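Q: Could we go through this structure together, one piece at a time?
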Amino acid sequence: MFEYWNPRIERMPVDDLHELQGKRLRSLVRYVHDHSSFYRQRFREAGVEPDDIKKLSDVTKLPFTFKIDLRNTYPTGMFCLPENWVVRYHVSSGTTGKPTVVGYTQGDIDMWTESLARALTSVGLGREDVIQVSYGYGLFTGGLGLHYGAERIGATVLPTGAGNTERQIELMQDLGSTAIACTPSYFLHMNEVAQKMGVSIRDDTKLKAGIFGAEPWSDETRKRIEESTGIKAYDIYGTSEMSGPLFTECHLQNGIHIWADLFLLEVIDPKTGEQVEDGERGELVVTTLNKWAFPLIRYRIGDITILNNEPCECGRTHPRIMRILGRTDDMIVVRGINVFPSQVESVLMRIPEIGDHYQIIVDRKGPLDVMSVKVEMTESTFSDKIADLMSLSKTVARLLKGVLNITAEVELVEPGTIPRSMGKAQHVIDRRKV
Amino acid sequence: MAAIKQISIFAENKPGRMAGVAKALGDAGVNIRALTIAEAGDFGVIRMVVDDTERGYTALREKGFMVSETDVLAVEIKDVPGGLYEIANSLGMNNVNVEYAYAFVTAKAERAMLILRVDDVKRAAEVLSEAGVRIATKGEIQQI
């Protein structure tokens, strides 16, 4: 059942893999130097020549690329090929500034699709499966990316896109979807809507797997999804700059497999820029090894994770990253303390008395930052006793304090009152910026 | 069993919530017999006894309210000084704890009724009956 899409590459001995990466890095550096005035200038400023890059470990001689570089060269200033090579654009939403435009050659699309074909195969999907793609289609990479990957492995694609939830659930039943790809928060919403329609995802559909990503989520949410719907929930990772969604966990659910022949990943200390030891938390830095319209050299993606170079028990030799803790952009600083929404989520999802949706509100009262967390009550645990409700909100506050080290006000709200999202959920409302 | 069902509703403490509850019941043709609100900062619990619990419960749920049912006792209080003492004392002497209570007067103002939430409903019903206190049944509450 759990097969390999590309066994020769996926199980390649580590030394051979490193040699392949070194070779691809050398040609990439030569290529961007010859094709991009941006990178030529960067290399000059850093005092590095293409010939200085001889082996994989020389990667640290190369300068970093930042999100601000993408904005400053908007729309296509960092492309390495003329537009007539480009077969598709995707454009990121640009919530914090100008959007980012990504261009793909036909080869770049094929590389992206290959990456997802390996990933989908590694969670046990194949020709027999019906994969419902409920990520948004269009400028966002999620829908089309998964669509192509699913077709490549011979699965049947049900391209519902995001939204129109009741119809999605009907189609899921009528056409027998066995897997779904969407944001974890949208799937939780879908489960609620299904229940209201009298449909049990566990008993009334054939769904067995979910590919969830595009927003940070936690193992506790995974547990909730798996226990309430009976499916296996897999984490998927990738950003629009890198192509889109690219990598997933394998069926063992123990870290996301990063295809090392396609991408070179480093985890660095964001303060010093030095690589951290294996197993230490740091910021992810990406170099694309087989992407040509819009390649990236040591791009500071901003996601916080841990790298694991141990080969996986599934037989794949490629490195893994642990679940993304959050993006440096998502991090909120409350009274000088760094808080990732995913930390809050992992606390909340451990408490059975509260619902699946939450919202963090940061505000300023006088000179002080105040953080409050809205959580929904659940029908099954609602007690008529005020004392029980008070003690529930105290418990939530105490557990949050234990993890975050700051005091948060906990507000119990009625079910269904926190806004549901079809795509990326808005977990944080920061009123200080207004 | 002498206990009747009380409806409890979780409500955020914000304008319009009470109206929402009242409208849902009114539209369903459910009449409220007695009501009390316990508030605790951001939220509160609305507790009520209605003529048709089943219908009230369903109507509120359909409107998305979080509702639960709780067993309470509806007992008659003699409309004379010391009426409440008699009830409270019998419960106290028999180690039954009253968690909360609220009273109402019936439409014809013939009787006062006390809704009691106690830690041991069965025991409370026994000791009150022994003391000669009348406990209203579901049917009686419906017909008041």
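Q: What span should the 12 residues of helix H6 of chain A have?
A: At 1.5 Å a residue, H6(A) (residues 141-152) should span 16 Å, and its end C-alpha atoms are 17 Å apart, which agrees. The expected span is 1.5 Å times one less than the number of residues. Helices (H or I, at least four residues) and strands (E, at least two) are DSSP runs, numbered from the N terminus. The model is a predicted one: local features need pLDDT of at least 70, side-chain atom pairs count only at pLDDT 80 or more, and totals for chains, interfaces and linings use all residues. Residues are numbered from 1 along each chain as its sequence is written, while chains are lettered from A and ligands numbered from 1 in the order in which they are written.

Q: Is H6(A) mostly covered or exposed?
A: Mostly covered, as nine of its 12 residues are buried; buried means 20 or more other C-beta atoms, placed from the backbone, within 10 Å of the residue's own. Among them are A:Leu144, A:His147 and A:Ala150.

Q: What do the buried residues pack against?
A: Their partners in chain A include helix H5 (106-122) and strand S3 (130-133). Contact requires C-beta atoms, placed from the backbone, within 7 Å.

Q: Changing topic, how is chain B divided?
A: Chain B has domain 1 (4-71) and domain 2 (73-143), with bounds from an automatic or database domain assignment. Their C-alpha centres lie 22 Å apart.

Q: How many residues make the contact?
A: Domain 1 of chain B gives 10 residues and domain 2 of chain B gives nine. On the domain 1 side, S2(B) gives the most, with three residues.

Conventions. Two residues are in contact if their C-beta atoms, placed from the backbone, lie within 7 Å.
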